[in-house]
Every structure is written in C-alpha cells, then in structure tokens.
Amino acid sequence: MTKHCAECVFFEDHVANGTAASDDAGLCRFNPPVTQPSADARGFWPVVASNDWCGHFAGQIAAE
C-alpha cells in the first residue's frame, strides 16, 4: 500500500480553507486547524501535497 497523503483517510481533496484549489494539494484533517495570531481570525487546516507523507497515515479508520 502506498502511504501518501492522498491515500490517507484524513486527507481531504477539496478546498475547505476558502482558497483556490491546487491540483496536487489537499487538507490534512488528522490534527485540529492551525490557529491564527488574532483572536477574531479563524483557524486553517494544514495544506499538504497529495504525495506528502507523515507518521499518522491511516488507510482506514479502526473499528472500536
């Protein structure tokens, strides 16, 4: 199994941050949104390339 972001259950390939979509990017939903410096600014989900990888890769969500 390829363990790249595009194959991870936490990868979201559409634009939720409100910016223009990149053909090779998506949002990592493993961690909460990144906070912004001012209290009235909303947080943003980290943008990752589809071929990036990390130690949190999950091909499926484990049953409880």
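**Notebook: salt bridge, sheet, cavity and cysteines**

I began with R29, which counts as partly exposed because its relative accessibility is 27% (buried means under 20% relative accessible area, exposed over 50%, partly exposed in between, with a 1.4 Å probe and protein chains only). I note that I am working on a predicted model, where local features need pLDDT of at least 70 and side-chain atom pairs count only at pLDDT 80 or more, while totals for chains, interfaces and linings use all residues. Residues are numbered from 1 along each chain as its sequence is written, and side-chain values use heavy atoms, with hydrogens and water left out.

**Salt bridge.** I searched the whole structure and found one salt bridge, taking the term as a side-chain nitrogen of Lys or Arg within 4 Å of a carboxyl oxygen of Asp or Glu. It joins the side chains of E12 and R29, at 2.5 Å from N to O. The two residues are 17 apart and belong to distant parts of the chain, with E12 in strand β1 and R29 in the loop between β2 and β3. I looked up E12 as well: its relative accessibility is 17%, so E12 counts as buried.

**Sheet.** I then traced the open sheet, which has three strands in the order β1-β2-β3 with antiparallel pairing; strands are DSSP runs (E, at least two residues) numbered from the N terminus, and two strands pair if DSSP finds at least two bridges between them. The edge strands, each pairing on one side only, are β1 (11–12) and β3 (47–49). Between β2 (residues 25–28) and β3 I find three bridges, the two strands running antiparallel, and L27 stands opposite V47 of β3.

**Cavity.** My search of the whole structure gave one cavity of 30 Å³ or more, meaning a set of points on a 1 Å grid over the protein atoms alone where a 1.4 Å probe fits but cannot get out, with lining residues having an atom within 4 Å of a point. The lining has 13 residues, and C5, C8, C28, C54 and F57 lie nearest the centre.

**Cysteines.** I checked for disulfides (a pair of cysteine sulfur atoms within 2.5 Å) and the structure holds zero. For C5 the nearest cysteine sulfur is that of C54, 5.9 Å away, and for C28 the nearest is also that of C54, at 5.8 Å. C5 counts as buried because its relative accessibility is 11%.

Terms used. 1 Å grid on protein atoms, 1.4 Å probe; cavity = no way out; pocket = protein on both sides within 12 Å on 5 of 7 lines; lining within 4 Å. Points joined across faces, edges and corners; volume = space filled by probe spheres on them. Helix = DSSP H or I, 4+ residues; strand = E, 2+ residues; numbered from the N terminus.
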